[in-house]
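Here's a quick briefing to read with the model open. Have the sequence and the 3D view side by side as you go.

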Amino acid sequence: MPQVPQTLDASAVRAWCGLALEALGRAREEIDAINVYPVADGDTGTNLYLTVESAAAAVEAVFAAHAAMSVVGTTPDGPGIEPPTLADAVRAMAHGALIGARGNSGTILAQLLRGMAQVLAADTGTGRTDGPGLRLALRHAADAARQAVAHPVEGTVLTVASAAADAASGAEGNCAVVAWAAYEGARAALAATPGQLPVLERAGVVDAGGRGLVAVLGALVETLTGEVPAVGAVPVLASHARVEGVELGECADGGPAPEQEEAGPEFEVIYLLEADDAAVARLRDRLDALGDSLVVVGGDGLWNVHVHVDDAGAAVEAGVEAGRPHRIRITHFGPADAHTTGSTVRPVRERAQRAVVAVVPGEGLARLYAEAGATTVLARPGEPPASGELVDAVRRAHALEVVLLPNDAELRHTAAAAAEQARTEGVRVALIPTRSAVQGIAALAVHEPERRFDEDVVAMTSAAGATRYAEVEVAERQSWTMAGICQAGDVLGLIDGDVAVIGSDVTAIAESVLNRMLSAGGEMVTLVLGDEAPDTIADHLESRVRESYLAVDTVVYRGGRQGALLLIGVE
């Protein structure tokens with residue numbers, strides 16, 4: 001075993017993140033293929049990769065900021081610049097993982113990194129840590145991750161993390177020795193996971209999340225020793241390669257399937273939450289009653305919440321009651337996804353033939369789209385999603401063909417870049433240039449997965465194009481518009497993206513906009529109410545349509561915190 005004296009400092013943390021990202025990139029497809037617990041949706045490797053990618057980017061940002069200050073040549077304390085400290089690096093790593101965590105295993109990994117950071121950042125005396133410090137960090141990480149999971153299950157990444165910490169606690173020496181011990185302990189625990197979780201044994205695989213953690217710990221060994229642990233020595237049962245081809249009614253080992261229990265929850269809900277500790281404690285209890293696979297990680301006012309539920313809206317509403325949820329992601333598992341327990345096994349899902357991925361501006365619309373079978377990306381006012389988030393959503397949709405609805409004219413280039421990236425990964429993607437969520441609703445209403453892809457895209461594009469869109473919002477500043485000069489606080493009525501009416505009364509502006517739109521004809525009016533819209537506005541507009549446009553129907557949805565007070569669609 002290498003005995004290379006080595007401490008863990010900021011540069012080592014930076015190198016570790018980079019090497020862990022490379023290791024997960026190499027192992028991503030393998031880990032995805034063996035993902036059978038808690039949901040056989042084939043995305044654990046991808047989720048772990050994206051989580052570490054966010055952590056690595058945050059660490060790089062810290063180094064870039066210090067380098068930029070060095071170029072300027074001054075700091076608040078005078079000339080020159082000190083490199084990032086260990087505390088700077090590990091806090092950035094933990095924060096990056098927290099805000100970028102994906103899926104069940106990614107969320108647990110974020111808590112593992114946060115647990116390590118809490119110990120390592122506290123050791124501020126030398127800017128580095130030694131073997132005993134790393135041992136303590138690994139122990140605290142494993143304990144923190146276990147506490148974050150509502151109902152810990154053995155044979156999972158939690159077991160592997162605990163085994164790594166146990167092995168490290170018996171290692172005497174520098175960080176390299178401790179890292180090697182943790183890695184070997186994790187490998188041994190990973191090999192034993194099929195014996196602890198029957199679903200893994202029947203599928204002929206080890207735990208996917210645990211396999212990812214072994215890769216991350218292997219990267220730590222490489223960082224501290226320069227030696228790359230033999231990937232081939234990581235135990236993965238040979239039969240895992242056949243898991244994706246298992247048919248319903250048969251086990252991965254070719255035998256008859258055990259009696260299957262009721263299907264699990266339909267939706268995965270993930271969001272960041274700004275809330276205090278007391279509110280989060282209440283949220284845990286409420287979400288635990290709503291579903292399963294509950295993991296809440298974080299602290300100091302910022303949390304990452306992950307849960308599987310049947311009622312996605314209730315899970316988001318619970319977050320709203322607890323604090324401020326954002327970056328909300330709702331994924332519909334669908335009938336092909338397998339929720340597994342320790343005593344049952346279901347096949348890893350094959351890719352669906354077709355899926356819809358949509359960007360939506362509010363929690364209410366996210367729920368509506370998800371219930372219609374779409375994979376959603378929530379766009380907050382002032383927080384447009386990046387192309388990487390859209391690519392992630394396409395991956396989560398896990399389909400051979402994807403229809404992408406950006407629902408915002410400003411996102412056309414972002415969506416195009418995401419579509420191009422997804423195509424390089426073998427997914428057939430059609431981008432429908434929807435400019436509003438109401439156009440997306442119209443497109444989704446005519447979506448028929450059984451049709452030929454081209455025919456479906458044409459029908460959805462036609463429905464979106466036939467829907468005029470408008471919104472009512474409040475001006476944030478003085479500005480020149482096509483309807484004249486508006487002042488901050490004025491109510492604006494926009495039709496097809498251009499300001500058409502300026503006034504002071506929300507309901508009056510909404511009625512004026514609706515009349516202008518219906519003057520050109522229409523058969524269906526869609527109203528999407530924001531949280532701050534007047535309580536009576538929907539009833540008023542519905543009455544107006546009934547009185548003046550007899551052949552026109554009206555549908556009302558609640559969009560939640562969507563930015564605009566009201567979205568209007570006329571088909």
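Thr375 belongs to strand E10, where strands (E, at least two residues) and helices (H or I, at least four) are DSSP runs numbered from the N terminus. With a relative accessible area of 4%, Thr375 is buried; buried means under 20% relative accessible area, exposed over 50% and partly exposed in between, using a 1.4 Å probe and protein chains only.

A word on the source: this is a predicted model, in which local features need pLDDT of at least 70 and side-chain atom pairs count only at pLDDT 80 or more, while totals for chains, interfaces and linings use all residues. Residues are numbered from 1 along each chain as its sequence is written, and side-chain values use heavy atoms, with hydrogens and water left out.

**Around Thr375 and its sheet**
- Setting aside neighbours within four places in sequence, Thr375 is in contact with Ile330, Thr331, Val356, Val357, Ala358, Ala393, Arg396 and Ala397 (contact means heavy atoms within 4.5 Å).
- Strand E10 is part of an open, parallel sheet of four strands, ordered E10-E9-E11-E12; two strands pair if DSSP finds at least two bridges between them.
- At the edges are E10 (375–378) and E12 (428–431), each pairing on one side only.
- On average, neighbouring strands of this sheet are turned by 20° against each other, direction ignored.
- Six parallel bridges link E9 (residues 352–360) with E11 (residues 399–405).
- Ala358 stands opposite Leu405 in E11.
- Helix H13 (residues 387–397) lies across E9, E10 and E11, and runs at about 160° to E10; axes are lines fitted to C-alpha atoms, for helices over the stretch in contact, and angles run from 0 to 180 degrees between N-to-C directions.

**Helix against helix**
- The axes of H1 (residues 10–33) and H3 (residues 86–100) come within 7 Å and cross at roughly 25°.
- H1 and H3 are therefore roughly parallel (under 35 degrees; over 145 is roughly antiparallel, 65 to 115 roughly perpendicular and the rest oblique).
- Ala10, Val13, Trp16 and Cys17 of H1 make this contact with Leu86, Ala89, Val90 and Met93 of H3.

**Rings**
- There's one aromatic pair in the structure.
- Trp180 and Tyr183 have ring centres 6.1 Å apart and planes at 80°, so they pair edge-to-face; rings of Phe, Tyr and Trp (its six-membered ring) pair if their centres lie within 6.5 Å, with planes under 30 degrees apart stacked, over 60 edge-to-face and the rest tilted.
- Trp180 is buried at 8% relative accessibility, and Tyr183 is buried at 4%.
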